[in-house]
Amino acid sequence: MLKEEEIKIVVSLYYLEGFPVWRVPESILTTIREKFPLLKLTKAIDDEHLAKEIVDSDIVFGWTIPKEFFLKGKALKWIHLASAGADRNLYQELIDSPAHLTCSRGIAAISIAEHALAMMLALTRGLHHGVRFQWRKEWGRDYFWTEAH
């Protein structure tokens, strides 16, 4: 029988400072901690915090892991990037290490395709004009009978 061991994960999504929507809310981390008590989940808030936490981490989840931080992570087994590309993280030290590097490529492919199709249909049907008429509290019937076709 396998011995249950704690796994330390550092969530490092602070690089996109101007985009708070891309940061994992604390409530989500709390839920994960409650459901998976063997995960020691830590949220890095800046470079200094990441440098301290990565030393004994098993997993890092972030936008990028610069080489100077990777070199401090002596216990790293897995790095998962929230972005689609991994090329800027392919430095020789990582390639030569036993750590696995994965990325989120393709995770949004279906929803992006659906969104593109929805936008094409919306533009074809003139829905953007309909919204403007709604804002002005107008029917816009004449437009849709003449201009929209």
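In this predicted model, Ile79 stands opposite Leu101, a residue of strand S5. The strand pair concerned is S4 and S5: strand S4 covers residues 78-81, runs parallel to S5 and is joined to S5 by four bridges.

These two strands belong to an open sheet of five strands, arranged in the order S2-S1-S3-S4-S5 with parallel pairing. At the edges lie strand S2 (39-43) and strand S5 (100-103), each of which pairs on one side only. From one strand to the next, the twist averages 15°. Helix H1, residues 26-35, packs on the sheet and touches strand S1 (7-12) as well as S2. The direction of helix H1 makes about 165° with that of S2.

In general, the strands of a sheet pair through backbone hydrogen bonds, and the pairing is either parallel or antiparallel. The table lists pairs of strands in this sheet together with residues that face each other.

| Strand pair | Bridges and sense | Residue and its partner |
|---|---|---|
| S1 and S2 | five bridges, parallel | Val11 and Lys43 |

On one side, S1 is joined to S2 by five bridges, and the bridge partner of Val11 in S2 is Lys43.

Is strand S1 mostly covered or mostly uncovered? S1 is mostly covered, with five of its six residues buried.

Note on methods:
Residues are numbered from 1 along each chain as its sequence is written. This is a predicted model: local features need pLDDT of at least 70, side-chain atom pairs count only at pLDDT 80 or more; totals for chains, interfaces and linings use all residues. Side-chain values use heavy atoms; hydrogens and water are left out. Two strands pair if DSSP finds at least two bridges between them. Axes are lines fitted to C-alpha atoms, for helices over the stretch in contact, and angles run from 0 to 180 degrees between N-to-C directions. Contact means heavy atoms within 4.5 Å. Buried means under 20% relative accessible area, exposed over 50%, partly exposed in between (1.4 Å probe, protein chains only).
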